[in-house]
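The following report describes selected local features of a structure, with the criteria behind each term.

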Amino acid sequence: MKNAQPKTIYLKDYQPPNYLIDTTELRVELMEEGATVTATLKMRRNSHAGEDAPLLLHGIELELRELKIDGRVLDANEYYADAESLTIEQVPAEFVLESTVFIKPQENTSLEGLYKSDDMFCTQCEAEGFRKITYYLDRPDVMSEYTTTVVADKAGYPVLLSNGNPIDSGELDNGRHFVTWHDPFKKPSYLFALVAGDLEYIEDSFTTMSGRNIELRIFVEEKDIDKCDHAMRSLKKSMAWDEEVYGREYDLDIFMIVAVDAFNMGAMENKGLNIFNTSAVLAKTETTTDAAFQRVEAIVAHEYFHNWSGNRVTCRDWFQLSLKEGFTVFRDAEFSADMGSRVVKRVEDVSLLRTAQFSEDAGPMAHPVQPASFIEISNFYTLTVYEKGCEVVRMYHTLLGPELFREGSDLYFDRHDGQAATIEDFTRCMEEVSGRDLTQFKRWYSQAGTPRLDVNGSYDADAQTYTLNFAQSCPATPESAEKQPFHIPVTLGLVGQQGDLPLTLQGVEQTETYTDMVLEITESEQSFVFENVTEQPVPSLLRDFSAPVKLDFPYSNADLTFLMSRDSDGFNRWDACQKLATGILEGLVQAQLDGATMELDSSLVAAFRTVLNDDSLDPAMVALMLKLPSEAYLAEEADVIHVDEIHNAREFVRDQLAQQLKAEFQAAYDSNQVSEPYEPSAAQIAKRSLKNVALGYLMLADDDAISLARSQYDNANNMTDSAAALALLVCSDKPQAQHQAAELIIAFYEKWQQEALVVNQWFTVQAIAPQQGAVERVRELMQHPAFDIKNPNKVRSLIGAFCANNHVNFHRTDGAGYQLLADMVIELNTLNPQIAARLLAPLSKWQKQIPQRQQLMKEQLSRILATEELSKDVYEVVSKSLK
Ligand code: B3K
Ligand code: ZN
């Protein structure tokens, strides 16, 4: 890297702003060659700042046309501009600053600031994109009241949107028109949004709990107008849920969602004008899988919930990001749990956490939920801030109970409404309502790494006591080697032959008998004794995954099989199955390393048979239990990652299970057909998921299932079933399946080439097929006319999917997979740094690979580091991973 080393920003250096912006008036003139932005800011000096405090405004890639203070044009020597800011040495205590800049949205491929997605102008300002639109105090603790006038050619851009309510509109010369929007709620610049395009919309309304009527609109390109109903239903459900569960009502008169195709992430919660990736809003039976339907519902809810947790109460600075994101993920997770199956949702979330967040927490970019420093804030929209942050909020809920938690959230919303708050403010509310000192608990925010809990238990038959001993530890992470003990809530039960045993904890006065209780682990080592335990129990620990830790207990396979059928906690039944399969798979990896032949432990076959025959189980849970732990999870669990051995062990077990349980899988396939018209309901989704997992096993068991998959593909009336059949055929090694797959790959594209989101699935299915030659196949697909490196959905569905889900090919020992990724990162570094840095993650995690792979990965990282004009985003990830 040739340019100067980027600066690190520290939480400890936070200073309140020297100036404030009371009102912001924007006039944005959109033209085909660029846009002119005039900003009129009513500003004043902050009370703590001295008279000589210079005014420093953020601004990137802005061509300054004019700058005025109180109507007077400033001379060039009265201000100073560099690549990232504009400084005016002397300003009055109160003044109006007016700037006019010219920008080029058409050339903005970073998709940050104002840019064009297809023929539409749109914005993405979080975290620091507003400074690419105008000179501003682009920091979340500067909150202002916005009035925005958007001006554009009427024929090309009939729809002009911004935050708040429309207050004026009209025709102008030369076929141009304007609309003025006013947002009465003060907001930070990152929540600003603007859209201009030729869009259609669907409309509905919602009556709030106080009887106000809210207009709801979803704007899309005309071709997608038939794919908005699910999002609209999801929005209305979210609005009702937030009133019911949190007492939170929507505030503006109108709520709008706009779908754009080129978008860096899922969606953005701009005040009153959410902007969504098309993949997070569009859905219809023929083109959308069950998983995608559920994702739409969850993201619509997430963005809507931000209106309170994020917008009405925002963040003081970006180190507080988890204040809005962790809390909002918790809110959307609870919403999804209430809309569908609670335990299924929990299993899905914990799987993601344990696979991807734990791996982040153990990798070179590990950081606390509240990071202490960053180079580029965009790199910190992470699983740690979002998902682990959610787990931290969930632990408050567990420790306080639902009523006190609700009191705490009410206090937080009421006390901090209209403010830019901190994580400390949130925890203080929880402390106040509960009367508890949560000082130690707050270490969850400041210490990175996944804590380990080593537990053992002993039963004393004579004394009828059962003792549990806990020892906690946490591995070193980049920010600190030594960790203080965490405050860990462990929900548990003791399971006896007839089910949960009553719990009597020694030394604690209990007025009621429980079969479930929360132990609070606060010390490095701690023991608990249960009395009146009439039989040797099997402990069910960390029920519902009550804390984001790695728990180890010396369970035998028999204990796990027992918990799988007897535990009253649905999550732990699934987890027992995972633990059983993980242990067996790890043994098979070791067998290969030892040169021994692989043999499948019969307990897994027996356990799977029991699960398949248990009619009392939700088919969705059966499907989840029958899915073996993923290669990514097994890699995360391993001290040294043996990529091929993990893959082979998994394939071997799948094959064995398929042979030995063929009849059961066939029965599951047959009995989970859905004859009713498609709907993305929990009940139907459950059946389809089990049916398709069963089909996967049947494909391994015998060749007849190839025609079964083919006929499922041909006859499917929904994308879930056709995509599942396609993926199974494409990923199968059997020549006959490959033959079918080759034909279907062509047919599928021909049928769906006009549907961008379906084409993404087409890229993904080819990217993840484990057969040899995947690197070459992916390179070839990058030349396909439907691939577009400037569109993040395309990059994610081809390159992202390949690196994350095709381990044997990505980690090829000739380094071709690493080279492919590095090539992409280098190309994207200039086009779209955020996406480049995100894509890079799998390459940065070389530490647990075998030496040969480590070497190859580091070579590619060094190649990236040597690239000229490396963005801050990529520099931060590469340099930290090479440290
Ligand atoms: N708040 C946005 C994320 C913005 C990411 C900026 N790099 C979406 C969300 O979490 O709701
Ligand atoms: Zn969010």
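Trp444 counts as buried because its relative accessibility is 0%; buried denotes under 20% relative accessible area, exposed over 50% and partly exposed in between, with a 1.4 Å probe and protein chains only. Phe486 also has 0% relative accessibility and therefore counts as buried. The model is predicted: local features need pLDDT of at least 70 and side-chain atom pairs count only at pLDDT 80 or more, whereas totals for chains, interfaces and linings use all residues. Residues are numbered from 1 along each chain as its sequence is written, chains are lettered from A and ligands numbered from 1 in the order in which they are written, and side-chain values use heavy atoms, with hydrogens and water left out.

The structure contains 43 aromatic pairs. Rings of Phe, Tyr and Trp (its six-membered ring) pair if their centres lie within 6.5 Å; planes under 30 degrees apart count as stacked, over 60 as edge-to-face and the rest as tilted. One of these pairs joins Trp444 and Phe486 in a tilted arrangement, at 4.6 Å centre to centre and 45 degrees between the planes. This pair links distant parts of the chain, 42 residues apart: Trp444 belongs to helix α8 (residues 443–446), and Phe486 to the loop between β26 (465–473) and β27 (488–496). Helices (H or I, at least four residues) and strands (E, at least two) are DSSP runs, numbered from the N terminus.

Two charged side chains sit over aromatic rings, as tabulated here. The criterion is that NZ of Lys or CZ of Arg is within 6 Å of the ring centre and within 35 degrees of the ring normal.

| Charged residue | Ring | Distance from ring centre |
|---|---|---|
| Lys116 | Phe121 | 4.8 Å |
| Arg316 | Tyr14 | 3.7 Å |

The zinc ion (ligand 2) is coordinated at 1.9 to 2.1 Å by His302 (NE2), His306 (NE2) and Glu325 (OE). Donors are N, O and S atoms within 2.8 Å of the metal (3.2 Å for Na, K and Ca); water is not among the atoms, so sites may look incomplete. The spacing of the donor residues in sequence is H-x3-H-x18-E. His306 lies in the loop between α2 (290–305) and β22 (314–315) and Glu325 in helix α3 (residues 321–339), so this pair ties together parts 19 residues apart in sequence. Both His306 and Glu325 are buried.

An open sheet of four strands runs in the order β30-β26-β25-β32, with mixed pairing. Its edge strands, each pairing on one side only, are β30 (525–530) and β32 (550–552). Two strands pair if DSSP finds at least two bridges between them. Strand β25 (residues 452–460) pairs with β32 in the parallel sense over three bridges, and Asp454 has Asp552 in β32 as its bridge partner.
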